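Welcome! Let's take a short tour of a protein model, stopping at a few places worth a look.

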Amino acid sequence: MDEPALLVLWERIVGEVLDRTGGFPRSARFSFAARIDARALDVLECVAAARFSPPAQTAALLGEADRHLAVLRVLLRVSFDRKLLDRRALEHLSTSIDEAGRMLGGWRAWLAESAR
């Protein structure tokens with residue numbers, strides 16, 4: 001069975017997020033870095049679990065992943081505001097997260113259409 005494209009993309013994004021937060025100063029590691037890392041891993045967990053779940057559970061897991069993405073976006077913007085991320089890193093991660101969000105939305109729409 002092939003991996004869903006969203007899962008493959010998100011695995012790459014998680015690596016990028018971990019690389020970025022690994023460079024946060026010590027004073028921000030247990031606040032911002034830990035929360036950002038956890039949210040990125042939460043999305044990965046939801047998407048991986050959704051792959052093997054029945055449709056009703058898949059929809060719930062994708063909804064949860066979408067909520068994690070929303071919080072992750074805010075945490076990254078606040079990290080930029082606090083000068084923990086530079087503009088280039090924020091733009092790159094935001095673009096990747098937006099792409100993942102569109103893929104997630106497409107999967108959710110396909111599930112809704114299949115349920116009809």
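## The largest pocket

In this predicted model, the largest pocket has a volume of about 160 Å³. Its lining is made of 11 residues, and those closest to the pocket's centre are Pro4, Ala50, Arg51, Thr58 and Trp107.

Which elements give two or more residues to this lining? They are α2, α3 (55–81) and α4 (87–115). The most comes from α4, with 3 residues. Sorted by class, the lining of the largest pocket holds 8 nonpolar, 2 polar and 1 charged residues.

## Two helices side by side

Now turn to helix α1 (residues 5–21) and helix α2 (residues 26–51). Their axes come within 10 Å and cross at roughly 170°. Angles over 145 degrees count as roughly antiparallel, so α1 is roughly antiparallel to α2.

Which residues meet here? From α1 come Leu6, Leu7, Trp10, Glu11, Val14, Val17, Leu18 and Thr21. Their partners in α2 are Ala33, Ile36, Asp37, Ala40, Leu41, Val43, Leu44, Val47 and Ala48. By class, the residues of this contact of α1 with α2 split into 14 nonpolar, 1 polar and 2 charged.

## A residue in a loop

Our last stop is Lys83, which sits in the loop between α3 and α4. Although Lys83 is not a glycine, its phi is positive, at about 65°.

Is Lys83 buried or exposed? Lys83 is exposed, with a relative accessible area of 74%; the cut-off for exposed is over 50%.

Notes
Residues are numbered from 1 along each chain as its sequence is written. This is a predicted model: local features need pLDDT of at least 70, side-chain atom pairs count only at pLDDT 80 or more; totals for chains, interfaces and linings use all residues. Side-chain values use heavy atoms; hydrogens and water are left out. Axes are lines fitted to C-alpha atoms, for helices over the stretch in contact, and angles run from 0 to 180 degrees between N-to-C directions. Helices (H or I, at least four residues) and strands (E, at least two) are DSSP runs, numbered from the N terminus. Angles under 35 degrees count as roughly parallel, over 145 as roughly antiparallel, 65 to 115 as roughly perpendicular and the rest as oblique. Contact means heavy atoms within 4.5 Å. Ala, Val, Leu, Ile, Met, Phe, Trp, Tyr, Cys and Pro count as nonpolar, Asp, Glu, Lys and Arg as charged, and the others, Gly among them, as polar. On a 1 Å grid over the protein atoms alone, a cavity is a set of points where a 1.4 Å probe fits but cannot get out, and a pocket is an open set with protein on both sides within 12 Å along at least five of seven lines; lining residues have an atom within 4 Å of a point. Grid points are joined across faces, edges and corners, and a volume is the space filled by probe spheres set on the points. Buried means under 20% relative accessible area, exposed over 50%, partly exposed in between (1.4 Å probe, protein chains only).
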